[in-house]
Each structure stands twice: as C-alpha cells, then as structure tokens.
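Please read these notes with the sequence and the model open side by side. They are meant for a first reading.

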Amino acid sequence: MMAKDYYELLGAKKTDSEDELKKKYKKLALKYHPDKADHGDKDKNEEKFKEINEAYSVLSNKTKRERYDMGGSGSFGQSSGSGRSGFGGGDFSDMFENLFRNAGFGGHGEPREDLDLHYRLTIKFEEAVFGCEKEVLVKKDVACDECDGSGSEDGEFESCDRCGGNGRIKVNRQAPWGVVSQVVVCDECNGDGKVTKNKCTHCSGSGILSKKEKVKVKIPKGIDSDQTLRIPEAGNVGRSGRRGDMFLLVNVKPHKIFKRDRFDLYVDFSISFSQAALGGQVKVPTLEGDVKVKIKKGTESGSVLRLKGKGVPFVDDPFYLGDLFVKIVLKTPKKLSRAQTKLFKELAELD
C-alpha cells in the first residue's frame with residue numbers, strides 16, 4: 001500500500017519553515033474539523049483531520065522531522081512516501097549514519113549523550129482549557145558550582161595520554177559487511193584533548209552534580225491529555241556542556257460535568273416538563289459561568305443545543321475555539337404534591 005507523504009498531506013514543501021508549516025496546518029485543520037467543516041462527508045472529514053494532525057505532529061517536531069527527511073519515517077509507522085527505496089529510503093551516507101546512530105554514536109562518530117528528562121504532569125481540567133503556569137520539581141545533572149563544570153580543583157590541565165591531545169581516537173566497529181574504522185571523540189577527555197591533574201573533590205572530577213531544581217512551565221491553552229510539552233535546555237547538563245531538553249507528558253483530570261472531545265465540550269442539562277412544553281429561557285453552565293439560552297416550545301429529551309465558541313481554544317492558535325454541545329434531559333419529578341398530581345391527571349385526560 002502506498003505510504004502517506006506528510007508534506008503532501010499538508011500541501012507543504014521540505015523547504016518550508018516552521019511558521020509556514022503551521023499556517024498550512026491551521027488552514028487545513030479548520031477546513032476539515034469534523035464539527036466545523038460545512039462540506040463533504042463527516043466521516044471522511046474526520047479521517048482527513050486525523051491524517052493532518054498525524055503529519056503535523058511529526059513535521060512540527062525538529063527531531064522527528066529530521067528523521068523523517070532522512071528516510072527514517074518507519075519510526076512513525078510508515079515510510080515517507082517520497083518514492084525512495086533501498087536502505088531506509090536514502091543514499092549510502094544515510095545508511096552509514098543510521099547504522100552508527102543505532103550503535104550509540106552520532107552521525108559523525110560523536111558519543112551520544114542522553115541528556116533529556118522525561119516527567120509526567122497532572123493538571124486540572126480548567127488549567128488545560130485556559131492555560132496556566134506550573135512549577136515542576138525535577139532531579140537533574142547540573143554543572144558543578146565549585147569548578148564551574150571543568151572537573152578541575154585548581155584549573156590546571158595536561159595533555160590526554162589516550163588521544164595524545166587530539167581529542168579523537170580511532171576505533172573499529174563491526175558492521176554487517178565487515179569491520180569499519182571510525183574516528184570518534186576520546187572517551188577519556190571527552191574531546192577536549194586535555195585532562196585535569198587534580199580532580200575537583202566536590203564532583204569527583206566529573207564537572208557534574210545531581211540536584212533538585214524547580215522548573216517553571218507555561219501550559220498553553222487547549223492542551224489535552226497525553227500531549228507532550230518540550231522545555232528546551234531544561235534537561236541534564238552533559239560533560240560537553242550541552243544541555244538536554246525536558247519533556248512533560250500531560251495528564252488532565254476529568255471534569256465533574258463537562259466531557260471533552262478534541263476542542264469541543266459536552267454537557268447534560270436537565271429541564272422540567274413544563275419548560276420543555278412551554279419553552280423559555282434557562283441558564284446553562286459553561287466553563288466561564290452560566291449563560292442564558294432559549295428553549296423552544298416542545299423541546300424533546302435528547303435534543304442538543306450548540307453554543308458556538310464556548311468550547312476549548314485550539315492549542316496552536318487560541319483565536320479559534322471549539323463549541324459547547326448541551327444535551328437536553330427531561331427531569332422527571334419523583335414526588336408530586338396533590339396539586340401537581342391533579343394537574344398531571346388533567347393533562348393525561350387531554351392527551
């Protein structure tokens with residue numbers, strides 16, 4: 001089966017910037033949103049909407065987009081659909097680079113430090129809808145404050161014996177076609193070409209300490225459960241001085257009365273038999289307070305009222321809002337007074 005092309009789905013090009021991709025995604029998302037599209041079949045619009053979101057979730061992430069462009073889209077459950085074939089959909093240089101990456105090395109023989117932090121964050125329903133700021137307590141690696149991350153007690157260094165001061169060493173790696181020689185960063189001096197004479201006693205010469213730290217996180221409006229926030233350079237500090245990122249997997253607590261589906265909200269609202277029969281105005285709950293809504297005469301139980309713009313802001317553009325769908329439920333009285341019983345009997349005789 002022909003694989004999907006994420007760029008084609010968004011009507012984009014590989015040379016498009018992040019802003020250009022975002023604009024094209026917003027336009028298509030609004031066009032094919034199942035509850036907003038005013039054309040075509042709803043099921044087809046919903047499927048198209050899912051495909052658009054899938055494509056944008058990959059191409060809007062820098063790391064995923066690089067992997068996708070390299071022909072590594074199998075990580076996303078499909079190939080890139082660019083018509084390439086062979087080793088991962090790229091040329092031989094891509095193949096070598098991917099092999100060494102999988103072996104724990106970067107594309108240029110650099111040791112790959114896993115400096116990213118991964119945490120879960122639980123927030124309230126209203127916080128997800130309206131956005132908020134949170135402080136997350138994390139345990140992370142930071143530069144030693146005694147030696148400024150150098151690992152040296154006195155700031156003196158000497159040439160590394162392992163690499164001869166070059167910062168690089170030659171190693172042999174086993175590949176499917178045989179042994180391959182590669183020049184990589186020296187693991188003794190971390191590519192600096194020099195080592196300290198007297199190690200810092202505070203960090204044992206590593207230049208790194210583990211400590212707890214509070215990280216401020218801005219939660220965007222409209223975020224939903226199982227979505228991930230990336231906080232750049234809030235992760236661990238490596239020996240190279242590079243900082244990783246922090247990734248927060250968001251969990252949203254359920255609301256007592258409102259249910260959410262993407263950017264739309266749903267709520268059940270009870271009215272009396274007399275209100276359903278005679279009509280009139282009622283106050284319906286929303287996340288921003290009660291609003292007056294007109295009930296038509298003869299409204300039946302199960303009828304749905306749509307309040308436009310009373311839903312959840314689009315996470316990428318708060319200017320767009322989902323809707324609130326109010327399901328009318330007729331409230332049956334459990335106890336009747338004598339007068340009420342008499343009236344209902346009179347009504348029954350008129351039916």
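The points below take up the sheets, the salt bridges, the cavity and a pocket.

1. Basis of the notes. This is a predicted model, in which local features need pLDDT of at least 70 and side-chain atom pairs count only at pLDDT 80 or more, while totals for chains, interfaces and linings use all residues. Residues are numbered from 1 along each chain as its sequence is written, and side-chain values use heavy atoms, with hydrogens and water left out.

2. Strands of a sheet pair through backbone hydrogen bonds, either parallel or antiparallel. Here three strands make an open sheet in the order 1-9-8, and the pairing is mixed. Strand 1 (117-123) and strand 8 (228-231) are the edges, each pairing on one side only. From one strand to the next the twist averages 30 degrees. Strands are DSSP runs of E with at least two residues, helices are runs of H or I with at least four, and both are numbered from the N terminus. Two strands count as paired if DSSP finds at least two bridges between them. For angles, axes are lines fitted to C-alpha atoms, for helices over the stretch in contact, and the values run from 0 to 180 degrees between N-to-C directions.

3. A pairing within that sheet. How many bridges join strand 1 to strand 9? There are seven, and strand 1 and strand 9 (residues 246-252) run parallel. Arg 120 has Leu 249 of strand 9 opposite it.

4. Another open sheet has four strands in the order 10-11-17-14, with mixed pairing. Its edge strands are strand 10 (259-261) and strand 14 (304-307), each of which pairs on one side only. Neighbouring strands of this sheet are turned against each other by 30 degrees on average, direction ignored. Strand 14 and strand 17 (residues 324-330) run antiparallel and are joined by four bridges. Leu 305 has Val 326 in strand 17 as its bridge partner.

5. Salt bridges. Side chains of opposite charge can pair when their charged atoms come close. A salt bridge here is a side-chain nitrogen of Lys or Arg within 4 Å of a carboxyl oxygen of Asp or Glu. The structure holds eight of these salt bridges. One of them joins the side chains of Lys 24 and Asp 16, at 2.7 Å from N to O. Lys 24 is partly exposed, at 27% relative accessible area, whereas Asp 16 is buried at 9%. Buried means under 20% relative accessible area, exposed means over 50%, and partly exposed lies in between (1.4 Å probe, protein chains only).

6. A salt bridge between two strands. Glu 135 and Lys 214 form a salt bridge whose closest N and O atoms are 4.0 Å apart. Glu 135 belongs to strand 2 (residues 132-143) and Lys 214 to strand 7 (residues 208-219), so the pair ties together parts that are 79 residues apart in sequence. Glu 135 is partly exposed at 47% relative accessible area, and Lys 214 is exposed at 59%.

7. A salt bridge from a loop. Asp 245 and Arg 230 meet through their side chains in a salt bridge of 3.0 Å, N to O. Asp 245 sits in the loop between strand 8 and strand 9 and Arg 230 in strand 8, 15 residues apart. Is Asp 245 buried or exposed? Asp 245 is buried, with 14% relative accessible area, while Arg 230 is partly exposed at 48%.

8. The cavity. The structure holds one cavity of 30 Å³ or more. The largest cavity has a volume of about 90 Å³. On a 1 Å grid over the protein atoms alone, a cavity is a set of points where a 1.4 Å probe fits but cannot get out; a pocket is an open set with protein on both sides within 12 Å along at least five of seven lines, and lining residues have an atom within 4 Å of a point. Grid points are joined across faces, edges and corners, and a volume is the space filled by probe spheres set on the points.

9. The cavity lining. Residues lining the largest cavity include Tyr 25, Phe 49, Phe 263 and Tyr 320. Helix 2 gives the largest share of this lining, four residues. By class, the lining has eight nonpolar, no polar and three charged residues. Nonpolar covers Ala, Val, Leu, Ile, Met, Phe, Trp, Tyr, Cys and Pro; charged covers Asp, Glu, Lys and Arg; the others, Gly among them, are polar.

10. The second largest pocket. This pocket holds about 520 Å³ of space. Its lining has 23 residues, of which Ser 150, Asp 192, Gly 205, Ser 206 and Arg 239 lie nearest the centre. Strand 6 (residues 194-196) gives the most to this lining, with three residues. The lining residues of the second largest pocket divide into six nonpolar, 10 polar and seven charged.
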